Amino acid sequence: ALRKMGLRGGLHSYLHVLDSEAKRETINACLKAVTDLSWIEDIDDLLALSRSTKIDYRDAACIALGSIVQDSGAATLGVPVTPKDGAKPDPAATAIVPELLLKVIDRLVEIVETDVTWEVRAAASRSILKTGKPAADKRRAKMPAHVNSSDRDVAPTAREWAGDDAAVGSG
């Protein structure tokens, strides 16, 4: 409901609760807020949360980063989203600036390469696929090295990211 009302961003209070010894129900509600209410100004906090020791927190950060990238039109690399019917551009609809998008892409690729938990790697993989063209070159450059990984989860992701050429060339 808050998202539909346009109330996004400002996760500090939710992150504060996550740092406390709150009940599981409260933590779950805060994680839901992280995934559903995050916005561009929360990216640095989400990048920090993606380094948490807690699996649920890293997973929520990856999901939130993917949603921000997708919802902001990040594939346009900082170009304001064009409104329909000649309406004024919405300042909140401006896409992520390239430097911030690259930080998100680098972190998501790092998670897929190194996180020990398949759930978090899967969330990062889905999220980076939402970045579209800006991440395509990085995906293709990084993943061929992992195509023949002994990890059952990393290898298929690497094949998917690298494309058929890398999978065929490495096999």
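This is a predicted model: local features need pLDDT of at least 70, side-chain atom pairs count only at pLDDT 80 or more; totals for chains, interfaces and linings use all residues.

**Entry 1**

I began with isoleucine 68, which is buried because its relative accessible area is 0%. For the record, buried means under 20% relative accessible area, exposed means over 50%, and partly exposed lies in between, with a 1.4 Å probe and protein chains only. Isoleucine 68 sits in helix H4. I noted that helices (H or I, at least four residues) and strands (E, at least two) are DSSP runs, numbered from the N terminus.

Residues are numbered from 1 along each chain as its sequence is written, and side-chain values use heavy atoms, with hydrogens and water left out.

**Entry 1: the overall picture**

How many helices and strands are there in the protein? I found 9 helices and 0 strands. From the N terminus on, the elements run α-α-α-α-α-α-α-α-α. Of the 171 residues in the protein, 39% are buried. I also looked at contacts (heavy atoms within 4.5 Å). Among those with a separation of 6 or more, 60% come from residues 24 or more positions apart.

**Entry 2: helix H2**

The 14 residues of H2 should span 20 Å at 1.5 Å a residue, and its end C-alpha atoms are 19 Å apart, which agrees. The expected span is 1.5 Å times one less than the number of residues. The buried residues of H2 are Ile27, Cys30, Leu31, Ala33, Val34, Thr35 and Leu37. What covers them includes helix H1 (12–18), H3 and H4.

**Entry 3: salt bridges**

My rule here is a side-chain nitrogen of Lys or Arg within 4 Å of a carboxyl oxygen of Asp or Glu. The count comes to 6 salt bridges.

I went to arginine 24 and aspartate 56, whose side chains meet at 2.4 Å, N to O. Arginine 24 belongs to helix H2 (residues 24–37) and aspartate 56 to helix H4 (residues 55–72), so this pair ties together parts that are 32 residues apart in sequence. Arginine 24 is partly exposed at 39% relative accessible area, and aspartate 56 is partly exposed at 36%.

Lysine 103 and aspartate 44 form another salt bridge, at 2.9 Å, N to O. Lysine 103 is in helix H5 and aspartate 44 in helix H3 (residues 43–49), so the pair ties together parts 59 residues apart in sequence. Lysine 103 has a relative accessible area of 40% and is partly exposed; aspartate 44, at 46%, is partly exposed.

I also noted a network of salt bridges that links Arg51, Arg107 and Glu110.

**Entry 4: aspartate 115**

Where is aspartate 115 placed? I found it in the loop between helix H5 (98–114) and helix H6 (118–129). Aspartate 115 counts as buried because its relative accessibility is 11%. Leaving out residues up to four places away in sequence, aspartate 115 touches Arg58, Glu110, Val120 and Arg121.

Arginine 58 and aspartate 115 form a salt bridge, with the closest N and O atoms 2.8 Å apart. This pair links distant parts of the chain, since arginine 58 is in helix H4 and aspartate 115 in the loop between H5 and H6, 57 residues apart. Arginine 58 and aspartate 115 are both buried.

H6 has 12 residues and reaches 16 Å from its first C-alpha to its last, close to the 16 Å expected at 1.5 Å a residue. In H6, the buried residues include Val120, Arg121, Ala124 and Ile128.

Two packed helices are described by the angle between their axes and the distance between the axes. For H5 and H6, the axes come within 8 Å and cross at roughly 145 degrees. Axes are lines fitted to C-alpha atoms, for helices over the stretch in contact, and angles run from 0 to 180 degrees between N-to-C directions.

Which residues of H5 and H6 meet? On the H5 side I listed Ile105, Leu108, Val109, Ile111 and Val112, and these meet Val120, Arg121, Ala124, Ser125, Ser127 and Ile128 in H6. By class, this contact has 8 nonpolar, 2 polar and 1 charged residues. Here Ala, Val, Leu, Ile, Met, Phe, Trp, Tyr, Cys and Pro count as nonpolar, Asp, Glu, Lys and Arg as charged, and the others, Gly among them, as polar.
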